[in-house]
Every structure is written in structure tokens, then in C-alpha cells.
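This briefing is intended for a reader who is meeting the structure for the first time. Please keep the sequence and the model in view while reading the points that follow.

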Amino acid sequence: MYEPRYARRAEAMRASEIRELLKLLEEPGIISFAGGIPDPALFPKDAASKAYTTILADPAKSSQALQYSVSEGFPPLRQWIASYMGTLGVPATPDHILVTSGSQQALEFLGRLFITAGDTVLVTAPTYLGALQAFSAYEPRYDTLRPESGNRTPASYREAASVNGGSVKFAYVVPDFANPTGETLSEDARRGLIALAEELECPIIEDAAYVALRFEGETVPAIQTLDVKRHGGDLNSSRVIYCGTFSKTLTPGLRIGWVCAAEPVVRRLTLIKQASDLNSSLINQMVMERLAAETYDAQVAKAAAHYRTRRDAMLSALEKRMPAGVTWTKPEGGLFIWVTLPENMDGAELLRRSIPEAKVAFVPGGAFFTDGTGRNSIRLSYSLPTEAQIAEGIARLGKLIAASLT
């Protein structure tokens with residue numbers, strides 16, 4: 001009855017393989033390396049409880065907190081975020097900040113703002129599945145970025161886009177501890193992306209969801225930082241749109257993310273937000289502002305130490321248990337390790353066997369590619385399982401892979 005009336009773009013909507021896999025967490029005996037879910041043991045529960053209680057106990061603050069609010073976001077929270085961006089070398093003011101319901105909403109808004117059906121979006125291969133979901137509803141075509149290999153020439157990107165009747169609208173990257181690979185772009189690669197965007201006259205969307213979770217190595221400047229410096233410190237002249245979130249550092253449950261960008265972009269995105277949800281939950285923003293002001297640095301340090309231990313446990317287990325022909329990334333931070341299987345193996349088929357036979361869940365790599373490639377890869381997350389579960393789960397998985405190779 002409804003099918004004939006759905007918009008054409010509804011055909012591009014697909015369920016997230018990751019969200020579907022999260023249902024497996026409820027099955028007994030399953031060790032899940034699937035979702036990049038923060039460990040709830042790290043959540044600042046006492047500080048959050050105190051913040052809610054304090055706000056709701058104050059008649060004026062509680063009336064404000066439970067009311068509608070401005071679409072741009074709670075001003076003190078926007079000021080905190082602007083100050084945080086300042087520590088990254090981005091001279092932001094609250095007018096450069098839009099608070100969103102997680103950075104996922106920011107990606108959806110940016111897709112809505114920039115993409116006309118048939119336009120080209122540049123992404124890495126692989127790339128974040130949630131970004132593909134957010135963008136695909138607006139019917140773009142995808143072309144591949146290879147930042148560490150110098151990309152293609154601007155002319156080739158333009159030619160491919162024009163053949164399809166559109167134009168290159170933006171480049172999307174997760175430059176730090178990327179979801180799904182865990183890899184980090186070098187400073188040279190970031191500068192190369194800026195040069196490419198300059199020649200293509202398109203924005204860069206910098207998804208910085210994991211940047212705070214660095215365990216080791218040297219910090220690489222944000223792409224927005226590098227671009228702003230090229231423009232003499234003028235954020236309004238920057239082509240880079242920075243998407244941040246508190247989900248991986250403080251808590252995902254409050255659903256607070258942000259966009260930091262040139263003021264004209266923020267004004268356009270604010271109009272989209274007004275049409276979408278009017279404003280993000282004000283009480284959650286007020287609580288998050290208190291959590292950020294009081295606990296952010298300590299929480300980041302605690303989370304980084306915690307996840308480093310789990311990353312080390314997974315890398316050690318992979319080294320001990322994986323058969324020859326299997327390789328993996330060695331991330332300096334974040335929540336993910338990317339495993340490349342022998343060419344004749346299919347990650348999705350491996351998962352179909354792994355659930356009943358090994359009771360281990362992961363995400364097949366093909367979900368992170370736009371062209372159907374990458375099937376001989378899988379994504380593993382070490383954020384939620386314990387060290388003992390990591391050792392046991394990788395042992396089971398290694399045994400299954402070895403058996404599949406014989």
C-alpha cells in the first residue's frame with residue numbers, strides 16, 4: 001500500500017549492519033567485537049546525577065532546562081566548545097558552533113545542505129558506514145579519496161562528476177583513528193586534501209569523533225587547524241567543516257555533538273535544525289556543559305588509558321592467534337582494528353559461520369565500501385569486551401579462520 005508513495009530517495013535507505021549486530025549483545029555467550037560502543041564503566045555517572053539534581057532543584061534553571069531553546073545550542077556549552085576548538089588552534093567563537101544531536105545528526109544535515117541527486121561525494125575506501133547512510137539518502141555518487149597516495153588529479157574528479165551530471169560537493173574524512181580502520185592521516189596527507197579541496201572549490205568535512213582518544217605517538221594538527229592557518233587565522237575563510245562529539249569521551253546517551261565551521265555554514269545548518277528537531281534537548285546540553293567544564297580532561301585521560309590496555313590485549317591476541325596470511329592495522333588511538341583476510345575469504349560469510357560456531361561477532365568490511373569491494377576484511381572493536389573476553393574471542397576467531405583456509 002505504501003510502496004508506490006515512498007520518495008525515490010527512500011530506496012537508498014539501508015539498515016546499518018552495525019546497529020543490527022548490536023542486537024547480538026543480548027544473546028548469551030556471544031563475544032562482540034562489533035559496535036564501537038564506549039565502555040559504560042567509564043561514564044561519569046555521579047557527576048551526571050549531581051548535575052541533573054542541581055539543575056532540577058533550582059526553580060529558574062529547571063524551568064529553562066525543560067523548555068524549548070535556541071536552535072544553535074545552549075550558549076555556555078557553545079562557549080565551552082569554542083574554547084576547546086581554540087586549544088586545537090581554531091579561533092572559534094560561539095557563532096561558529098552549532099550543537100547537534102550527536103555528530104551523526106551533523107553528517108545528515110551536511111548531506112542535506114550540500115548534496116543534490118547525482119552530485120559526487122569524495123570518501124576514503126573504506127569509510128564510516130554511518131556517513132554513507134547519512135549521505136546516501138540524498139542520492140549522491142561516490143568517488144574515492146586516497147589521501148596518503150596523493151589522490152587523483154582534480155581534473156579527473158571533475159570529469160567523473162560532470163559525466164554523471166553533477167559536481168563534486170565535498171570530501172569526507174575521519175582523519176584520526178578512523179572508523180573503521182583505526183588509521184590516522186599524516187600531516188602531509190591532510191595538507192594534500194586541503195590543496196585538492198582548494199582546486200575543486202569544495203568543502204572538507206572533518207569527522208573528529210575519535211581524536212581525543214590518542215594512546216601514543218605525536219598529535220597531528222586538525223585539518224581545520226591547518227586550513228585556518230593558511231587563511232591567517234580567519235575561520236570564516238576556511239573550507240573545512242569540523243564535526244565533534246562528546247559520545248566517545250564522556251557519554252553517548254546525552255546525544256551531544258557539534259559543528260564548527262564558517263558562520264554562513266552554521267547559519268544554513270541552523271535553518272535545517274529548526275526544520276528537523278527545533279533544538280537538541282536543553283537539559284542534556286546544560287548537563288553536558290557542566291560535565292565538560294568539570295570532568296573533560298580527567299575523563300579523556302581515563303578513557304585513553306582504559307582503551308589502550310584493551311587495544312594492547314587485542315593486538316597481542318591477534319599476533320598469537322591469527323594464521324599466516326591475515327594482517328591488521330596497529331592504531332595509535334580510537335576504538336578499532338581493521339583486519340585484512342586472505343583474498344579468497346569473505347568477511348560476511350565468515351560472520352555467518354562465526355555466530356553459531358565461534359560465538360564471536362564483528363562487522364564485515366564490505367559494509368564500509370561504496371563499490372562492493374573490501375569483502376575480504378573485517379572490523380574489530382576492542383572498546384567493550386574485557387581483556388579476558390578479547391583473548392578468548394580472538395582465539396576462537398583465529399581458529400575459525402584457520403579452519404576456513406584448509
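The model is a predicted one.

**Strand β5 and its partners**
- Strand β3 (residues 120–124) runs parallel to β5, and four bridges join the two.
- Within this pairing, Thr120 has Val168 in β5 as its bridge partner.
- β5 is also joined to strand β6 (residues 204–207), again in parallel, by three bridges.
- Here Tyr172 has Ile205 in β6 as its bridge partner.
- The ring centres of Phe135 and Phe170 are 5.0 Å apart and the planes meet at 65 degrees, so the pair is edge-to-face.
- Both Phe135 and Phe170 are buried.

**Strands β2 and β8**
- In a regular strand, side chains alternate between the two faces of the sheet.
- In strand β2 (residues 97–100), Ile97 and Val99 point one way while Leu98 and Thr100 point the other way, and all are buried.
- β2 pairs with strand β8 (residues 257–260) in the antiparallel sense, over four bridges.
- Gly257 in β8 is the bridge partner of Thr100.

**A four-stranded open sheet**
- Four strands in the order β9-β10-β13-β12 make up an open sheet with antiparallel pairing.
- The edges are β9 (327–328) and β12 (363–364); each has a single partner strand, so one side of each is left without a neighbour in the sheet.
- Within the sheet, strand β10 (residues 336–340) pairs with strand β13 (residues 377–381) over five bridges in the antiparallel sense.
- Thr340 has Ser377 in β13 as its bridge partner.

**Aromatic rings**
- With ring centres required to lie within 6.5 Å, the count comes to 13 aromatic pairs.
- One of them is Trp80 with Tyr84: the centres are 5.7 Å apart and the planes are at 5 degrees, so the pair is stacked.
- Trp80 and Tyr84 are four residues apart in helix α4 (residues 75–87), and therefore separated by about one helical turn.
- Trp80 and Tyr84 are both buried.
- Ring pairs also join Trp80, Tyr84, Phe246, Trp258 and Tyr296 into a cluster.
- A charged group meets a ring elsewhere: the charged end of Arg152 sits over the ring of Tyr157, 4.8 Å from its centre.

**A buried arginine**
- Arg310 is located in helix α11 (residues 282–321).
- Its relative accessible area is 9%, so Arg310 counts as buried.
- Apart from neighbours within four places in sequence, Arg310 is in contact with Asp39, Tyr382, Ser383, Leu384, Pro385, Thr386 and Ile390.

**Backbone details in loops**
- Ala125 and Pro126 are joined by a cis peptide bond, with omega about 10 degrees; Pro126 is in the loop between β3 and α6.
- Asn179 and Pro180 are likewise joined by a cis peptide bond, with omega about 25 degrees; Pro180 is in the loop between β5 and α8 (187–200).
- Arg255 is a residue other than glycine with a positive phi, near 55 degrees.
- Arg255 lies in the loop between β7 (240–245) and β8, and its relative accessibility of 36% makes it partly exposed.
- Leu278, too, is a residue other than glycine with a positive phi, near 65 degrees.
- Leu278 is in the loop between α10 (263–276) and α11, and at 43% relative accessibility it counts as partly exposed.

**Overall form**
- The secondary structure comprises 13 helices and 13 strands.
- For 406 residues, a compact globule would have a radius of gyration near 22 Å; the protein has 21 Å, which agrees.
- The C-alpha trace spans about 65 × 55 × 55 Å along its principal axes.
- Of the 406 residues, 55% count as buried.
- Among contacts between residues at least 6 apart in sequence, 75% join residues at least 24 apart.
- The protein exposes about 17700 Å², of which carbon and sulfur atoms supply 51%.

How values were computed:
Residues numbered from 1 in each chain as written. Predicted model: local features only at pLDDT ≥ 70, side-chain atom pairs only at ≥ 80, totals over all residues. Heavy atoms only, no water. Phe/Tyr/Trp six-rings, centres within 6.5 Å; stacked < 30°, edge-to-face > 60°. Buried < 20%, exposed > 50% of the residue type's maximum accessible area, 1.4 Å probe, protein only. Lys NZ or Arg CZ within 6 Å of the ring centre and 35° of its normal. Pairing = 2+ DSSP bridges. Rg over C-alpha atoms; globule rule 2.2 N^0.38 Å. Contact = heavy atoms within 4.5 Å. Areas by Shrake-Rupley, 256 points an atom, 1.4 Å probe, with all protein chains shown as cover.
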